[in-house]
Amino acid sequence: MPPHSPSVAGVPDEGDELSMPPVRQALSDSVYESIKAMVMDHEIAPGARVGIDSLARTLKVSPTPVREALARLESEGLVVKRALSGYRATQLLTRRGLEELFEMRLLLEPRAAALAAVNATEVQLDGLERIVEELQAHPSPKGRYASYRDFAALDQRFHEAIGQATHRPLLADAVERLHAHLHIFRLSKVVGAEGPTVAEHERIVRAILRRNPERAAEAMTEHLTRSLERQIDDGDDGPATP
């Protein structure tokens, strides 16, 4: 999760991670990515108990990096810690949950795009353009999490970068804390929709670059509305990219 002012309980803040020895940090990140992939690919089934000791044995590590990884995943909403029963993978979004997630995004992100068009620095504008260029270079996301992880990360970075460019910390924090992309990609197999997704991102960026808040908000609303339609239309075949 991108850094916030207050640390999430049990998750090291940015300073703690920077002070962590490089070898330990690399191990911590590797274990985190491995467990995250298990959750995203349903190797750890939705709602299933996540055993620290069994994961440590599977990954051939001590329980410490597993605990650290689960704390990070809890902050992302992929696992939940229950008193007396440990960690469990969170349930998948229902149709109603998906619609509510997009309802929240439609409240927050068009406003964020409009504010970014007014407030973004030149450095932030350059960053948004680079993210879109990187998205164009990635293949269609499909199959297991490992095959689309980079695309999903860039897609999330794009939306969070717009939030940061608003220069409204509470709004940026709200966009980040939704972790929308993780929950959407986790629904089931991902079918490729990078064409419309990237094209919609390009329209948003063009409006922000032109310092046109109304058009930026409209482009973001159009992108989110079409994204929700793609999720619903795909049905059991899996979600398109967010």
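Four bridges link strand 2 to strand 3 (residues 86-89), and the two strands run antiparallel; strands here are DSSP runs of type E with at least two residues, helices are runs of H or I with at least four residues, and both are numbered from the N terminus. Strands of a sheet pair through backbone hydrogen bonds, either parallel or antiparallel.

The model is predicted, so local features need pLDDT of at least 70 and side-chain atom pairs count only at pLDDT 80 or more, while totals for chains, interfaces and linings use all residues. Residues are numbered from 1 along each chain as its sequence is written, and side-chain values use heavy atoms, with hydrogens and water left out.

Beyond the sheet, the protein chain has 11 helices and three strands. From the N terminus on, its elements run α-α-β-α-α-β-β-α-α-α-α-α-α-α. Buried residues make up 45% of the 242 residues in the protein chain; buried means under 20% relative accessible area, exposed means over 50%, and partly exposed lies in between (1.4 Å probe, protein chains only). Of the contacts in the protein chain with a separation of 6 or more, 75% are between residues 24 or more positions apart, a contact being heavy atoms within 4.5 Å.

Helix 5 (residues 95-119) comes next on the tour. Its 25 residues should span 36 Å at 1.5 Å a residue, and the end C-alpha atoms are 35 Å apart, which agrees; the expected span is 1.5 Å times one less than the number of residues. Helix 5 has a kink of about 30° at L106, shortly before the proline P110, the bend at a residue being the angle between axes fitted to the seven residues ending there and the seven starting there.

Helix 6 (residues 122-136) has 15 residues and reaches 22 Å from its first C-alpha to its last, close to the expected 21 Å. Its buried residues are L125, G127, L128, I131, V132 and L135. They cover an arc of only 160° around the axis, which puts them on the same side of helix 6; the arc is that of the directions from the helix axis to the C-beta atoms. The exposed residues E122 and V123 are carried by the face of helix 6 turned away from its buried side. R130 is also in helix 6 and is partly exposed, with a relative accessible area of 47%. Between R130 and F158 there are 9.5 Å in space, C-alpha to C-alpha, and 28 residues in sequence.

Helix 7 has 21 residues and reaches 29 Å from its first C-alpha to its last, close to the expected 30 Å. A kink of about 30° is centred on F151, and just after helix 7, H167 takes a positive phi of about 60°. Within helix 7 (residues 145-165) sits H159, which is buried with a relative accessible area of 3%. Leaving aside residues up to four places away in sequence, H159 touches R105, E109, V175, H181, H201, M220, H223 and L224. The side chains of H159 and H201 are joined by a polar contact of 3.5 Å, that is, a pair of N or O atoms within 3.5 Å; within protein, one must be able to donate a hydrogen and the other to accept it, and residues adjacent in sequence count only if both atoms are side-chain atoms.

How values were computed: Pairing = 2+ DSSP bridges.
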